[in-house]
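Welcome, and thanks for taking a look at this one. Here is a short tour of its cores, a sheet and a helix.

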Amino acid sequence: MGQDKILSIRLSPGGLSFWTAGAAEEELAFDPAKGRSESLREGIRAAMETLGAGCRLAEVCPDTLRTVVVPGEYASADALAQLLKANNITPGEADEVVYAGVSSGIKAAVVCDRAELDVLREAASAANGADAGHDDAIGILPFAIVSPFSMNGACLIKHGAGRRRSAAVYLTPAHAYITVFEKKSGAWLYADVMKWSAATDILYYMSVLDQQFGLRKGKLYLRGPRACEAGELLRKYFRKTRCE
């Protein structure tokens, strides 16, 4: 019996993209006439057909501005609601909050459309059969929720905390996930999601954060498909910029 193909899906504002280990990421745009949920259902079906038999939906990465990094002290529902409100995020009745592990003691709370999650649950349950689900602190999902912030956490693990404050930025096609780390300890000092379309957007964000945290002499790690594009400009101002 052949090995299962592990399918990963990124759910973004304009559509979805999917990939398996070692394969290039493929993008599928949503059809406005059909709505997001139906477009999502058709997109997942197309991804499954492309990958063929033995395909298993393992993880979903919601790429959305409605994401906040949650330290351990915000574990209660009331505290989380206050944190979301402080970030101008107000979940509606049609929304559901799910959690993604980011780093030790830190999670990302992601506000998702419940109808879209139901489509993903349906597709994953059909593809995965009786596989055990993942505890997302709300219920059991038949797949893992992953946040791009986890890539910044992985960056800290890979390189360690430096003698100066450092920053990691993971770039999806639509958003920049920015994290600032404390020197020596590697504690998370700042984490936020911003829209971006050009390298000048990232330069502006990092220049503002430099004024607050003093990042100019520290290391700046850029990750994601367009990291090198942004790195060409950032390196002129942040000399220790590295693209991965």
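The expected span of a helix is 1.5 Å times one less than its number of residues. With that in hand, keep in mind that this is a predicted model. Helix α5, residues 199–213, has 15 residues and reaches 21 Å from its first C-alpha to its last, close to the 21 Å expected.

**Helix α5 and its surroundings**
- Buried residues of α5 are A199, I202, L203, Y205, M206, L209, D210 and F213.
- Viewed down the axis of α5, these buried residues fall within an arc of 165 degrees, so they line one face of the helix.
- T200, Y204, Q211 and Q212 are exposed, on the face of α5 turned away from its buried side.
- The cover over the buried residues of α5 includes β11 (166–171), β12 (175–181), β13 (188–195), β14 (220–223) and α6 (227–234).
- G214 follows α5 and has a positive phi, near 65 degrees.

**Nonpolar cores**
- The largest nonpolar core has 26 residues, and L7, I9, L40, I44, L57, L120 and F143 have the most contacts inside it.
- Elements that give two or more residues to this core include β1 (5–12), α1 (35–51), β4 (55–62) and α3 (114–128).
- Another core, of 23 residues, lies apart from it, with W196, L203, L209 and L215 among its members.

**The open sheet**
- Five strands form an open sheet with mixed pairing, in the order β3-β2-β1-β4-β10.
- β3 (26–29) and β10 (144–145) stand at the edges with a single partner strand each, so one side of each is left without a neighbour in the sheet.
- β1 and β2 pair in the antiparallel sense over six bridges, and F18 in β2 is the bridge partner of I9.

Key. Residues are numbered from 1 along each chain as its sequence is written. This is a predicted model: local features need pLDDT of at least 70, side-chain atom pairs count only at pLDDT 80 or more; totals for chains, interfaces and linings use all residues. Side-chain values use heavy atoms; hydrogens and water are left out. A nonpolar core is a set of buried Ala, Val, Leu, Ile, Met, Phe, Trp, Tyr and Cys residues joined through side-chain atoms within 4.5 Å. Buried means under 20% relative accessible area, exposed over 50%, partly exposed in between (1.4 Å probe, protein chains only). Helices (H or I, at least four residues) and strands (E, at least two) are DSSP runs, numbered from the N terminus. Two strands pair if DSSP finds at least two bridges between them. The arc is that of the directions from the helix axis to the C-beta atoms. Contact means heavy atoms within 4.5 Å.
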